Amino acid sequence: MASPIDKGTVRPGAVKSADRTVELLEVLSASDRRLTLTELHRELSYPKSSLYMLLQTLVARGWVEVDSDRGTYGIGVRALLVGTSYLDHDPVVRAAIRVMEQVRQDINETVHLARLDGADVVYLASRESEHHLRVVSRVGRRLPAHSTSLGKAVLSTRTPEEVDLILPHDLAPLTPKTVIDRAALHEQLAGFRNVGYAHEREENTPGLGCFAVALPYRNPVLDAMSCSVPLGRLTPEHERQVISALLDAARTITELLRQFGR
């Protein structure tokens, strides 16, 4: 497990206590299980007494939950409420949801909305297909941008130099088919830039193909919409249908957001 920021490092100009609070919450939210005080101390390198008092404060405020029997800590319900509020107030999500639902009805495949955050994309909304075999991605899920069609769609709007600044030096594979060679990725992104959409097959999930379009309502582009399709039903005709629906949706959302000054 790695901390979202350098352990124990306070950013220049940051308030130390606030920086530590945010870092602690990020570590807890990134973990797939609850963590003990000792594990958090090892991860964050804070003085154990200070870390314990910070945890107790966050527990009292509902940002952290504690399992007293096991002595473990996890993210609390307040974090969920704030995250939900972010989505409720985001104009892009509000504009995109209605369009995503229409796309889902038209092609009956799972549709996603995501935003670039550092070198990752974070899922903001999802509308699931009605097929028995379908893709499910939870809101808040974070994946490397270089391995997803959503990330590739956004990265394709940047110059190669900008892409290199965004992505880590070493690109980690999610599957054996993930493109991790930087020159190959740049070539892939150049092709996507020319056609106006991105795609990948099994770079993110085995057995799955995905197509995505960037939402160019602002510069630099941060958001993209995608459609995930199990390869078993990804015929050439269905592929054309998916791409057409996504391109139309991107134009609709962009026009809506520009109309309201976003």
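Reader: To start with α3, what should its 14 residues span at 1.5 Å a residue, and how far apart are the end C-alpha atoms?
Author: Please keep in mind that this is a predicted model. Helix α3, residues 48-61, should span 20 Å at 1.5 Å a residue, and its end C-alpha atoms are 20 Å apart, which agrees.

Reader: Which residues in α3 are buried?
Author: Leu-51, Leu-54, Leu-55 and Leu-58 are buried. Seen down the axis of α3, the buried residues fall within an arc of 100 degrees, so they line one face of the helix.

Reader: What covers the buried residues of α3?
Author: The cover includes the helices α1 (16-30) and α2 (37-44), together with β2 (64-67) and β3 (72-75).

Reader: And which exposed residues are on the face turned away from the buried side of α3?
Author: That face carries Ser-49, Met-53 and Ala-60, which are exposed.

Reader: Now for α8. Which of its residues are buried?
Author: In α8, the buried residues are Leu-185, His-186, Gln-188, Leu-189 and Phe-192. Viewed down the axis of α8, they fall within an arc of 160 degrees, so they line one face of the helix.

Reader: What do the buried residues of α8 pack against?
Author: They pack against α6, α7 (160-166) and β7 (198-201). On the face of α8 turned away from the buried side are the exposed residues Ala-183, Glu-187 and Asn-194.

Reader: You mentioned α6. Is Ser-149 buried or exposed?
Author: Ser-149, which lies in helix α6 (residues 149-155), has a relative accessible area of 1%. Buried means under 20%, so Ser-149 counts as buried.

Reader: Which residues is Ser-149 in contact with, leaving aside neighbours within four places in sequence?
Author: Ser-149 is in contact with Ala-198, His-199, Glu-200, Cys-210, Phe-211, Ala-212 and Ser-226.

Reader: A change of topic: at what angle do the axes of α5 and α9 cross?
Author: The axes of α5 (residues 91-107) and α9 (residues 236-259) cross at roughly 155 degrees and come within 10 Å. Angles over 145 count as roughly antiparallel, and α5 and α9 are therefore roughly antiparallel to each other. Their crossing is right-handed.

Reader: Which residues make that contact between α5 and α9?
Author: Among them are Val-92, Ala-95, Val-99 and Val-103 of α5, and Val-242, Ala-245, Ala-249 and Ile-253 of α9.

Methods:
Residues are numbered from 1 along each chain as its sequence is written. This is a predicted model: local features need pLDDT of at least 70, side-chain atom pairs count only at pLDDT 80 or more; totals for chains, interfaces and linings use all residues. Side-chain values use heavy atoms; hydrogens and water are left out. Helices (H or I, at least four residues) and strands (E, at least two) are DSSP runs, numbered from the N terminus. The expected span of a helix is 1.5 Å times one less than its number of residues. Buried means under 20% relative accessible area, exposed over 50%, partly exposed in between (1.4 Å probe, protein chains only). The arc is that of the directions from the helix axis to the C-beta atoms. Contact means heavy atoms within 4.5 Å. Axes are lines fitted to C-alpha atoms, for helices over the stretch in contact, and angles run from 0 to 180 degrees between N-to-C directions. Angles under 35 degrees count as roughly parallel, over 145 as roughly antiparallel, 65 to 115 as roughly perpendicular and the rest as oblique. A crossing is left-handed if the near helix is turned anticlockwise from the far one by less than a right angle, and right-handed if clockwise.
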